[in-house]
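My notes follow in the order I made them.

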Amino acid sequence: MSSSDGLVIIEPVSEYTRQILKLKKIYAVEKTPYQEVVFAELEGFGKALIIDEFVQSTEKDEFIYHELLVHPAMALHPEPKRVLIIGGGEGASLREVLKHATVEEAFMVDIDEKVVEFSKRFLEVMHRGSFFDPRARVVIMDGLEYVKKTADGTFDVVIMDLTDPYAGPTALPLYSYEAFREIKRILKPDGVMATQAGSSYFYPKEYRQVKENIEKNFRHIAEYWAWMPSFATNVNFIVASDAYDLYGLSGEMFDTRLKSRNVNTKYLVGRRLTAHLSMGVLYG
C-alpha cells in the first residue's frame, strides 16, 4: 500500500499485531503454485525475501537467524559429512552448512523452483555462491516426499528452514509427528536435527505442538530463541538428537569445533550460544 512516505508493506506479526515496513524497491513479485513470493529492498533492512506476507530473510539481519539455526546442530555432531536442508530457498542456510570443512555433500530440498531461481538472481548477498559449490545438491521437490523416499540412516544432520507452522499450508505437514518420525529415520543413529519453530510468544499453542511432536521422536531436545529485528518478534529454534544433548555442549567446545572446521561467524560464538540456551522459552 502507499502512504505519505511512499510504498509500504503491512506485515502480520501475530493475530493482533502488525509491523509497517517501508519499501525502497521491488525487484519481483511472483504468485507460484505454492505461495506468493516478493523480492524487495526494505528501508533499514536491505534486500529481502517475503513469502505470503511474512518476511523470511533480510540482508541486514539474516545472519543472526541462519547462524542460530545451523551452527548449534552442526557443532553438536562431531563430524557432519552429509547434511540435508529442507526449505531455505534463498541459500543462506546452505551457505552456513558449507562453511564446515567436514561437509562432503549438502542437499537442499525446496518445493518452489521460483524461489530458488529468483534467489540465485537477486539474493547473491545472502547465498554468496553457495548454490554453485561443488558439494551442494539442489533438489526441487516437496520436502516431506523427499524424506519419505530417502533411505534409512542417510544423513548426519537435517536442518529444517521452513516458513512458520502458522504462516500457510505449504510447510505445515513437515512439523507433524509423522514428519519428525521420518526425519529421525533418515538420520544416522547419532544424527542431529534442527528446526525453527515460529514464535513461542505470539503463537504459543503452535510452538508447543511442534515441540511435543519432536519430543515424541527424540531422546534429547534443546530450545532457544532470539529476537529478530526484521521479524519484529522472537523466533524459536529446537535441536534434537538421540545421541547428543545440546545443553551438554560447552561454549568452549562449540568454539573449538567451529575453529577446527574453519567456520567464521558474525554473531554466534560459544558464550552467546550458552546465553541463548540459558534463557528458557519466552511464552506470551
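I set the pocket terms before looking. On a 1 Å grid over the protein atoms alone, a pocket is an open set of points where a 1.4 Å probe fits, with protein on both sides within 12 Å along at least five of seven lines; lining residues have an atom within 4 Å of a point. Grid points are joined across faces, edges and corners, and a volume is the space filled by probe spheres set on the points.

This is a predicted model, so I note that local features need pLDDT of at least 70 and side-chain atom pairs pLDDT 80 or more, while totals for chains, interfaces and linings use all residues. Residues are numbered from 1 along each chain as its sequence is written, and side-chain values use heavy atoms, with hydrogens and water left out.

**Largest pocket**

I read its volume as about 180 Å³. Its lining includes Ile9, Ile10, Leu23, Glu36, Ile51 and Asp52. Strands E2 (6-12), E3 (18-31), E4 (36-42) and E5 (46-51) each give two or more residues to this lining. Strands here are DSSP E runs of at least two residues, and helices are H or I runs of at least four, numbered from the N terminus. E3 gives the most, with 3 residues. By class I find 8 nonpolar, no polar and 3 charged. Ala, Val, Leu, Ile, Met, Phe, Trp, Tyr, Cys and Pro count as nonpolar, Asp, Glu, Lys and Arg as charged, and the others, Gly among them, as polar.

**Second largest pocket**

This one has about 150 Å³. Its lining has 2 nonpolar, no polar and 8 charged residues. Among them are Glu62, Phe63, Arg95, Glu96 and Lys266. H1 supplies the largest share, 3 residues.

**Histidine 66**

Where does histidine 66 sit? I find it in helix H1 (residues 62-76). Its relative accessible area is 0%, so I log histidine 66 as buried (under 20%; exposed is over 50%, partly exposed in between; 1.4 Å probe, protein chains only). Its side chain makes a polar contact of 2.8 Å with that of glutamate 62 (N or O atoms within 3.5 Å, one able to donate a hydrogen and the other to accept it; residues adjacent in sequence count only if both atoms are side-chain atoms).

I see E5 and E6 pair in the antiparallel sense over 4 bridges (pairing needs at least two DSSP bridges). Leucine 49 has serine 57 in E6 as its bridge partner. The hairpin has 2 residues between the strands, and aspartate 52 takes a positive phi near 50°. In E6 (residues 54-58), 5 of 5 residues are buried.
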